[in-house]
Amino acid sequence: MVDTANYESLKGLSHDLGALLFGVARVEALRESFLSLSSQGIERLPYAISLGVHLSDRILEDIQDGPTPLYFFHYQRVNIFLDEVALRITFQIQNQGFDALPIPASQVIDWEGQRGHLSHKHVAKEAGLGWIGRNNLLINPKFGARIRLVTILTDIPLTIDEPIKRDCGRCRNCIPVCPAGAIVKEPLEFDHIGCYEWIKAFCRKHNIRQNICGLCIKVCPGVERP
Ligand code: B12
Ligand code: SF4
Ligand code: SF4
């Protein structure tokens, strides 16, 4: 099968499974930032497939000052769902005689530095799914920040997508809603520690067993809605 046919069939499968966002990047430039993956033979996996799902707008709209029980449950189920979609894509690639390595949607490998094996956002950016916004999240033109992501590294030949040449423009919606004051005009000046400390304290206070928030996702619904 040629690269385009592989690309179209995997994109069709992920779409049928419910992951509406699909893109492919080469991983050479990203590999340096990968954490604890060197024993997985990743140098033989030159492509990264980035998948994204659109979160429930209804659940996000109900968030007022912090995560709700419904959002907490949704967050957990969507992570499981993404890992399952990544597995289905992995099995399809393996069935075609190629190699694939699914990276969990939300597994922390380095707790002190708060890092996973790789950044799904950085892969998604390279794969053309969107840009890094002022809120430090991957912003898709259609669904804004209301998406969650997963990555599959593979050696199946695929066509490569181009990064989107866009940014937040004049929008500032997320700056005033952040209770930690972590979001500022320049995306690179995002206060990671401030955000993390606020989330930890809030979730402890409300007995929510995950470090989640949701406020800067809620206010960023995307602009190219049908
Ligand atoms: C650990 C983690 C967190 C941690 C720390 C995040 C961080 N590092 O910035 C905490 C708990 C704070 C967090 C919060 C959130 N997260 Co989170 N998180 C992750 C996870 C599992 C790993 C992140 C990672 O490895 N980054 C790699 C580094 C290199 O990338 P970076 O974050 O851009 O890099 C900076 C930090 O490392 C920072 N830094 C350096 N040293 C330290 C030390 C500490 C203590 C901290 C906090 C940061 C920090 O400096 C780097 C350069 O700027 C990813 C899943 C994944 N594997 O990608 C999800 C992920 C990034 N999270 C996600 C989401 C949605 C959230 C929240 C909205 C929570 C929620 N669900 O309600 C908030 C948003 C915070 C924000 N505005 O950025 C989504 C993002 C989707 C999108 N649209 O972009 C991801 C991709 C999960 C997914 N599968 O979709 N998250
Ligand atoms: S709310 Fe506006 S400024 Fe904030 S990340 Fe989304 S598009 Fe960018
Ligand atoms: S997750 Fe919450 S605390 Fe962190 S930047 Fe977004 S709104 Fe601010």
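**Figure 1. Exposed and buried sides of helix α5.** In this predicted model, Ile193, Arg204 and Lys205 are the exposed residues on the face of α5 turned away from its buried side. Here, buried denotes a relative accessible area under 20%, exposed one over 50%, and partly exposed the range in between, computed with a 1.4 Å probe on the protein chains only. Helices (H or I, at least four residues) and strands (E, at least two) are DSSP runs, numbered from the N terminus. The buried residues of α5 are Gly194, Ile199, Phe202 and Cys203. They cover an arc of only 145 degrees around the axis, which places them on the same side of α5; the arc is that of the directions from the helix axis to the C-beta atoms. The 14 residues of α5 should span 20 Å at 1.5 Å a residue, and the end C-alpha atoms are 20 Å apart, which agrees. The expected span of a helix is 1.5 Å times one less than its number of residues.

Residues are numbered from 1 along each chain as its sequence is written, while chains are lettered from A and ligands numbered from 1 in the order in which they are written. Local features need pLDDT of at least 70, side-chain atom pairs count only at pLDDT 80 or more, and totals for chains, interfaces and linings use all residues, with side-chain values based on heavy atoms and with hydrogens and water left out.

**Figure 2. Surroundings of ligand 3.** The shell around ligand 3 consists of Cys178, Pro179, Ile183, Phe190, Cys195, Trp198, Ile199, Cys213, Leu215 and Cys216; a residue is counted if one of its heavy atoms lies within 4 Å of the ligand. Both α5 (192-205) and α6 (215-218) supply at least two residues of this shell, and the largest share, 3 residues, comes from α5. By class, the shell around ligand 3 has 10 nonpolar, no polar and no charged residues. Ala, Val, Leu, Ile, Met, Phe, Trp, Tyr, Cys and Pro count as nonpolar, Asp, Glu, Lys and Arg as charged, and the others, Gly among them, as polar. Pro179, a member of the shell around ligand 3, is found in the loop between β6 (147-154) and α5. With a relative accessible area of 39%, Pro179 is partly exposed. Pro179 and Leu137 are 42 residues apart in sequence and 16 Å apart in space, C-alpha to C-alpha.

**Figure 3. Surroundings of ligand 2.** Around ligand 2 lie Arg134, Asn135, Ile139, Cys168, Cys171, Asn173, Cys174, Val219 and Cys220. This shell has 6 nonpolar, 2 polar and 1 charged residues. Ligand 2 takes up the space of the second largest pocket. On a 1 Å grid over the protein atoms alone, a pocket is an open set of points with protein on both sides within 12 Å along at least five of seven lines; a molecule sits in a pocket if more than half of its atoms lie within 2 Å of its grid points.

Figure 4. Most residues other than glycine have a negative phi. Asn207, which is not a glycine, has a positive phi of about 55 degrees. Gln114 belongs to the loop between β3 (100-103) and α4 (120-126) and is partly exposed, with a relative accessible area of 31%.

**Figure 5. Buried side of helix α1.** Asn6, Tyr7, Leu10, Ser14 and Leu17 are the buried residues of α1. They cover an arc of only 100 degrees around the axis, which puts them on the same side of α1. At 1.5 Å a residue, the 15 residues of α1 (residues 3-17) should span 21 Å, and the end C-alpha atoms are 21 Å apart, which agrees.

Figure 6. Trp131 is placed in strand β4 (residues 131-132) and, at 8% relative accessibility, counts as buried. Ile103 is placed in strand β3 and is buried at 3% relative accessibility. Ser56 is found in the loop between β2 (47-54) and α2 (57-61), and its relative accessibility of 23% makes Ser56 partly exposed. Ser56 and Ile147 are 91 residues apart along the chain, and their C-alpha atoms are separated by 9.1 Å.

Technical notes. 1 Å grid on protein atoms, 1.4 Å probe; cavity = no way out; pocket = protein on both sides within 12 Å on 5 of 7 lines; lining within 4 Å.
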